[in-house]
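Please look at the structure shown below and follow how its parts are put together.

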Amino acid sequence: MATSIRGRGGIGPALPLLTPAYLWLVVAIFLPLSAMALFSFMTELPMSGRDWSLTLEHYAAFFSSGLYVTLLWASIRLGLEVTLWCAIIGFPAAYVLARVLKGRAREAIFLLVILPFWSNGLVRIFSWAMVLREGGLLDTTLNAILPFRIDIDLMYSYPAVIIGLVHSYVPYMVLTCYLTLQAIDNALIEAARSLGASRLQTLRRVVLPLAMPGLLAGSVLIFVPVVGSFMEPRILGGRTGTFYGTVIEDQFVAVFNWPLGAALSFILLAVVLVILSLSAPILRRVQ
Amino acid sequence: MAEVVVDKVSRSFGSHKALDEMSIAFPDKGFYGLLGPSGSGKTTLLRMIAGFDFPDAGRIAIGGEGVERVPVEKRRIGMVFQNYALFPNMSVAENVAFGLSVRGETRGAIEVEVKRALDLVQLGHLGERRPHQLSGGQRQRVALARAIVTKPRVLLLDEPLSALDKALRVDMQIELKRIQREIGITTIFVTHDQEEALTMSDRIGILRDGRLVQEGPPEEIYDRPESEFAATFLGDANILRGVATGNGIRLPDGTVVVANQGTKPAVGTSASCAVRPERISIGEADNATLGEENRLKGRVSKRIFGGNSSTYFVEHRGDIIKVHVQNNGGTSLAEGQDVILRWSPESAVLIGM
């Protein structure tokens, strides 16, 4: 008896299953991240024999210059907006996939949703550039249909950045919502209707609360990377596309100020963690 | 409260006819049991009365109002689902309050009604619990309270007791019946459990292949089944087949079985005779007494002990006849023993082909 109890509760038997994943996490994420953490406190990169010493100046730079705070705020706003649009677009799609379509139709639509995952990110963004620029696909098509002339040049604008990011991240929302929606017992929806609830009331009072875990998981999966995104803002946003993520990227690839880039990254990480932990109690109550 | 009338309702799924010109009148305030094997159309019929599905043809009326095109939420019905379907994101009280609050009733009125409904099902003290904290029987009661709190015109029960264990099921049968009487609501109850249908229903309808085979009070169907299917599906029955003689049938071996129940088929046509296993008495071959009874010789091929009663399988010219005997202390018969089976003509039901 004693051995079986220990066997069930102990971590021993689980070790062979856990080790590969944790070994990988340590090597691939923890080590580079630690190195970055160290860099963020250095005056210079310890390369080609340059002298360096420990400092807090890069962290101080964030607070002394209003620029970084403004950019971080802009990035958080961008994250919230993209997440909201993903929810508005993704949830209805997930609902139809999970509860309306069946068989082949469901498979086909599912494939269309996942397709962005299979295409290269840069290709995706440059395709949008072709569509959004002046004289591009959208401009030409609309002017061919409409009797009057309008100029559509969304390229290098805030909406272009939103469009590109929503396109990249909406599958996450569809997938997480799909999982929770298809787990809802149909009898619950029928029960609500039999009690006199309209379709809208059923959606608001039964389906949405039960799908909330999926909506939240999707939101976290989208919000966190969007706040740090740099590719879409840089290519589709042009001069308007300066965000916190693009500034970090600059430090690494253009200015070669790795310590500042690393410090800005860790501040972002801290801010995101604070936002998530502050919203956790509220989100739990919503559930 | 209202009577429910289903008039020549048909519904097909592809080439399968789930309901075939089904007509039933469910009496006001009655407890009606729909009984049938799976695929007989009983659940389809219930879902159509609820409004989850719509008939291809025919009419459905609740309290005289045609509802066959009315959506579920406007039909004012209450339904209890097989797995209860309680909302997991709400407390017990919120579950019960749901139907009232979507109708826009005031908070005060809702509170009073919810309390009354929970007291009726004896769960007044558990309002704050979540559904996952309740036992199966308690969930069942909450589902019932939720269905009746809106004062529906008809209560629909879809195999509501099938998920409970035996002892609890018997308790709930009594409880359900008490509540139904107390609020006097027209109730339609779908089950495949014949015992449940017999104990609870005022009337039973037996369904097969989308058609109504027979309906009436439980005793009437049990004592006078009109078809071999009704006889064997509702309770146990021995079916003897032969040729109609007017007031009975002649078996292939020449024995005449006299039956006073059922409708008399034309003389000379093939007919059968149904006898309930508990109506047959079994005795040793040599001490059989004479009387106005049907008798049949046979040999015990098997005996199954079932606690308070035993079942004998008696072979008569290749047919097996089942006999239930109360275990009241008498000596039991051995397998292989010759016996005489006796039953009165009152216990035999004639069934035409």
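Where chain A and chain B touch, the contact (heavy atoms within 4.5 Å) takes 17 residues from chain A and 21 residues from chain B. This is a predicted model, in which local features need pLDDT of at least 70 and side-chain atom pairs count only at pLDDT 80 or more, while totals for chains, interfaces and linings use all residues. Side-chain values use heavy atoms, with hydrogens and water left out, residues are numbered from 1 along each chain as its sequence is written, and chains are lettered from A and ligands numbered from 1 in the order in which they are written.

The size of an interface is often given as the accessible area lost when the parts come together. Buried area is the accessible area, taken with a 1.4 Å probe, that two parts lose on being put together, summed over both; between chain A and chain B the area buried is about 1800 Å², and carbon and sulfur atoms give 61% of this.

A salt bridge is a side-chain nitrogen of Lys or Arg within 4 Å of a carboxyl oxygen of Asp or Glu, and 2 salt bridges are counted between chain A and chain B. In one of these, Arg47(B) is joined to Glu190(A), with the closest N and O atoms 2.6 Å apart. On the side of chain A that touches chain B, α9 (186-194) and α10 (199-227) of chain A each supply at least two residues, helices (H or I, at least four residues) and strands (E, at least two) being DSSP runs numbered from the N terminus. The largest share of this side of chain A, 7 residues, comes from α9(A).

Turning to chain B, 6 strands form an open sheet with mixed pairing, in the order β6-β7-β8-β3-β9-β10, where two strands pair if DSSP finds at least two bridges between them. The edge strands β6 (77-80) and β10 (211-216) of chain B each pair on one side only. Helix α4 (residues 136-148) of chain B packs on this sheet and touches β6 and β7 of chain B, its direction making about 170° with that of β6(B); axes are lines fitted to C-alpha atoms, for helices over the stretch in contact, and angles run from 0 to 180 degrees between N-to-C directions.

Another open sheet of 6 strands in chain B has the order β13-β12-β11-β15-β21-β14, again with mixed pairing. Because β13 (256-258) and β14 (261-262) of chain B stand at the edges with a single partner strand each, one side of each is left without a neighbour in the sheet.

Strands of a sheet pair through backbone hydrogen bonds, either parallel or antiparallel.

| Strand pair | Direction | Bridges |
|---|---|---|
| β6(B) and β7(B) | parallel | 4 bridges |
| β15(B) and β21(B) | antiparallel | 5 bridges |
| β17(B) and β20(B) | antiparallel | 6 bridges |
| β17(B) and β18(B) | antiparallel | 7 bridges |

Single residues can be followed within these pairs. Gly78(B) has Leu155(B) in β7(B) as its bridge partner, Ser272(B) stands opposite Ile351(B) in β21(B), and Arg299(B) stands opposite Asp338(B) in β20(B). For Lys302(B), the bridge partner in β18(B) is Phe313(B). The hairpin of β17(B) and β18(B) has 2 residues between the strands, and in this hairpin Gly307(B) takes a positive phi near 80°.
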